[in-house]
Amino acid sequence: MGNKRASWFVPLGLSVAMGVALAVRLALVWTELPEPFASHFGRGGQPDAFTSKIGFLVAMVVFGGGSVAVVFASPLLLRLAPEKLISLPNRDYWLATDERRNEAMNRLGGVMGWIGAATTALLVVATELTVRANLERSNLDEATFIAFLAAYFAFVTVAVVQTFRIFRIPNVSVGPTNG
């Protein structure tokens, strides 16, 4: 089952790489960013709320990084949770034995890992669009944001459908019958 566990590390590695790339990007343009910093955008992408640069950075790290961390930590925390708190398709089958429970947690870890990577990508795109709008003293590029948001929701929808598929009860062949 090593490959299934390793599949969790690929999206985690991608998320870390995206986070590092964003941190480098922010470091490179930090002195060019305006004070106050446009932190929220309304209709038409017009800025409608402002904060300090450091306030925006802290909010992104705490709330953005925190939400991604929760997604990645969920499968690990579920390993410790009592069975009655775990909800997944065909739960009784997948939690019936330690071996199946371990397999279920590995599968769930893979799905949650990719959702975590997609969430990271969405947050990185939103932050980059916010930084660009501030650097250019312009409106947020709503079309790009909406396209990425739609892609994110489509991805999560596919991941949920995939979760039902990977938690089907497998056909178990017991071998030929004599008779």
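**The core and its helices**

Modeller: Let's start in the middle: the largest nonpolar core has 16 residues, and Ile86, Leu88, Trp94, Met105, Ile115 and Phe167 are those with the most contacts inside it. By nonpolar core I mean a set of buried Ala, Val, Leu, Ile, Met, Phe, Trp, Tyr and Cys residues joined through side-chain atoms within 4.5 Å. Buried, in turn, is under 20% relative accessible area, exposed is over 50%, and partly exposed is in between, with a 1.4 Å probe and protein chains only.

A word of caution before we go on: this is a predicted model, in which local features need pLDDT of at least 70 and side-chain atom pairs count only at pLDDT 80 or more, while totals for chains, interfaces and linings use all residues. Residues are numbered from 1 along each chain as its sequence is written, and side-chain values use heavy atoms, leaving out hydrogens and water.

The biggest giver is α4, with 6 residues. Those labels come from DSSP runs, numbered from the N terminus: helices are H or I with at least four residues, strands are E with at least two.

With 39 residues at 1.5 Å a residue, α4 should span 57 Å, and its end C-alpha atoms are 56 Å apart, which agrees. (The expected span is 1.5 Å times one less than the number of residues.) Along α4 you'll find Ala117, which counts as buried because its relative accessibility is 6%.

Val71 takes us over to α2, where it is buried along with Lys53, Phe56, Gly64, Val68, Phe72 and Pro75. Helix α2 (residues 53-80) packs against α4 (residues 98-136) at an angle of about 170°, their axes 7 Å apart. Those axes are lines fitted to C-alpha atoms, for helices over the stretch in contact, and the angles run from 0 to 180 degrees between N-to-C directions. The two helices are therefore roughly antiparallel, a label for angles over 145 degrees; under 35 is roughly parallel, 65 to 115 roughly perpendicular, and the rest oblique. The residues of that contact split into 13 nonpolar, 11 polar and 2 charged. In that count, Ala, Val, Leu, Ile, Met, Phe, Trp, Tyr, Cys and Pro are nonpolar, Asp, Glu, Lys and Arg are charged, and the others, Gly among them, are polar.

What about the shape of α2 itself? Its 28 residues reach 39 Å from first C-alpha to last, close to the 40 Å expected at 1.5 Å a residue. There is a bend of about 45° at Ser74, though, and a proline, Pro75, follows within four residues. A bend here is the angle between axes fitted to the seven residues ending at a residue and the seven starting there.

Between α2 and α3 sits Asn90, whose phi is positive, about 55°, although it is not a glycine. At a relative accessible area of 35%, Asn90 is partly exposed. Arg137 comes after α4 with a positive phi near 50°, in the loop between α4 and α5. Arg137 is exposed, with a relative accessible area of 57%.

With 15% relative accessible area, Ile166 is buried.
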